[in-house]
Amino acid sequence: MPDSTITQSDIITIDVTSPFASQQLLEAYTTTGIAYFTGLPIATEAFQARVLETAQRFFLGFTAEQKAALRFGVPGYIRGYSGPGSEQYGDTADTYQEHYVESLDIVSGMTIRQWPDLLIDSGLMDELEQYRRVAAQAATIILTLTEKALKLTPGFLATKHALSRGNSTFRLNHYPAMMQNQRKGSIRFGEHTDFDTISLLLLLDDAGGLQFQNPRGEWCSLKRKPNTLLVHVADMLARWSNERLVATPHRVYAEDQDDLWPERYTMIFFAAPPSNTWVDSKDLFPDEPNKYPPVSAGDYLKQRLEQIYGSSYREKIG
Ligand SMILES: O=C(O)CCC(=O)C(=O)O
Ligand SMILES: [Fe+2]
């Protein structure tokens with residue numbers, strides 16, 4: 001691969017209990033938009049081992065038919081299971097990139113009636129709910145540090161994302177093992193920025209392959225670091241902060257030349273406020289002209305899905 005890589009030491013690790021945490025966060029989020037965090041219940045080996053065990057039980061233990069039936073929600077906001085290759089980016093042959101990953105998504109505020117029986121009866125619902133709660137607590141802490149870093153009213157971001165009110169998505173990802181010759185290029189998950197405010201990412205094994213793009217346009221490897229959580233800025237927060245904070249482009253590539261790409265597991269929490277939240281940079285920086293017109297979080301999400309998925313998104317909601 002022609003891409004240059006840098007070592008993970010270029011990405012700072014921030015201890016959330018340190019008095020310098022918000023200053024370090026500002027430095028990271030105004031440059032690369034990404035940092036490792038420690039000092040959180042989510043960032044422990046014990047927690048991550050439990051999440052990995054649940055993910056393996058689901059992705060390896062359920063049959064393809066059982067998984068395929070676990071797609072639920074309303075049109076446009078499909079939740080539950082997505083099979084490999086079912087999500088894609090781009091409208092044209094040049095930009096088309098299929099992600100080769102299977103995922104299980106749940107959102108905040110789902111009531112028991114919205115859960116498929118299979119997830120309730122297998123005990124997975126309780127486990128996923130617990131993990132989501134731990135992830136949401138971590139998101140609250142990072143958002144509180146972000147408020148402090150940007151000198152915002154305390155609670156401005158964190159309250160809007162509160163677990164009971166927010167619109168956050170908890171996701172487990174499984175990248176199946178595959179032979180190199182089964183795929184064109186080395187792409188497991190194509191290049192993109194996330195739509196939400198901040199994305200919390202746990203690398204649950206050492207398979208590797210996650211890369212982010214630094215401000216010089218170089219792709220850099222992000223390795224798993226024990227007892228840490230990766231958190232990067234996504235588009236909605238970049239817009240809300242009038243682009244003071246940088247949304248991080250990232251992708252998952254097979255980095256080695258081995259014939260077999262090992263399977264890979266990750267957990268992601270996409271933090272987002274409810275759809276009727278007003279995303280207006282004037283609320284953060286009243287004296288600065290808006291770079292983008294104010295928009296509701298719900299409309300913004302819709303616009304981004306349209307841009308990225310193009311007609312395939314319209315077909316899905318149509
Ligand atoms: O699984 C990963 O390492 C990253 C996946 C990702 O970027 C996403 O789901 O938005
Ligand atoms: Fe992403």
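Biologist: How far is an oxygen atom of ligand 1 from an N or O atom in the side chain of Thr266?
Modeller: The distance is 2.9 Å in this predicted model, which qualifies as a polar contact (a pair of N or O atoms within 3.5 Å; within protein, one must be able to donate a hydrogen and the other to accept it, and residues adjacent in sequence count only if both atoms are side-chain atoms). Tyr175 places a polar side-chain atom 2.6 Å from an oxygen atom of ligand 1, and for a side-chain N or O atom of Arg171 the distance to a ligand oxygen is 3.3 Å.

Biologist: How much of the accessible area of ligand 1 does the protein cover?
Modeller: On its own, ligand 1 has 290 Å² of accessible area, and the protein covers 98% of this. Such areas come from the Shrake-Rupley method with a 1.4 Å probe; for residues, only the protein chains shown count as cover.

Biologist: And which elements give two or more residues to the shell?
Modeller: Those elements are β8 (169-175), β10 (187-192), β15 (250-253) and β17 (264-271). Strand β17 supplies the largest share, four residues. Helices (H or I, at least four residues) and strands (E, at least two) are DSSP runs, numbered from the N terminus.

Biologist: How many residues surround ligand 1, and which are closest?
Modeller: There are 13, and the closest are Tyr175, His192, His250, Arg264 and Thr266; a residue is included if one of its heavy atoms lies within 4 Å of the ligand. By class, the shell has six nonpolar, four polar and three charged residues. Ala, Val, Leu, Ile, Met, Phe, Trp, Tyr, Cys and Pro count as nonpolar, Asp, Glu, Lys and Arg as charged, and the others, Gly among them, as polar.

Biologist: What conventions apply here?
Modeller: Residues are numbered from 1 along each chain as its sequence is written, while chains are lettered from A and ligands numbered from 1 in the order in which they are written. Because the model is predicted, local features need pLDDT of at least 70 and side-chain atom pairs count only at pLDDT 80 or more, whereas totals for chains, interfaces and linings use all residues; side-chain values use heavy atoms, with hydrogens and water left out.

Biologist: New topic: is Ser103 buried or exposed?
Modeller: Ser103 is buried, at 4% relative accessible area. Buried means under 20%, exposed over 50%, and partly exposed in between (1.4 Å probe, protein chains only). Ser103 belongs to strand β7 (residues 102-107).

Biologist: Which side chain does the Ser103 side chain join in a polar contact?
Modeller: That of Asn173, at 2.9 Å. Beyond four places in sequence, the contacts of Ser103 (heavy atoms within 4.5 Å) include Phe59, Tyr81 and Arg171.

Biologist: Where is Thr197?
Modeller: Thr197 sits in the loop between β10 and β11 (198-203). Its relative accessibility is 1%, so Thr197 counts as buried. The side chain of Thr197 makes a polar contact of 2.8 Å with that of His161. Thr197 also touches, among others, His232, Met236 and Trp240.

Biologist: Which residues of helix α1 are buried?
Modeller: In α1 (residues 21-29), these are Ala21, Ser22, Leu25, Ala28 and Tyr29. They lie on the same side of α1 because they cover an arc of only 120° around the axis, taken from the directions from the helix axis to the C-beta atoms. On the other side, Gln23 and Glu27 are exposed.

Biologist: What covers the buried residues of α1?
Modeller: The cover includes β1 (13-15), β2 (34-38), α5 (124-149) and β14 (229-233).
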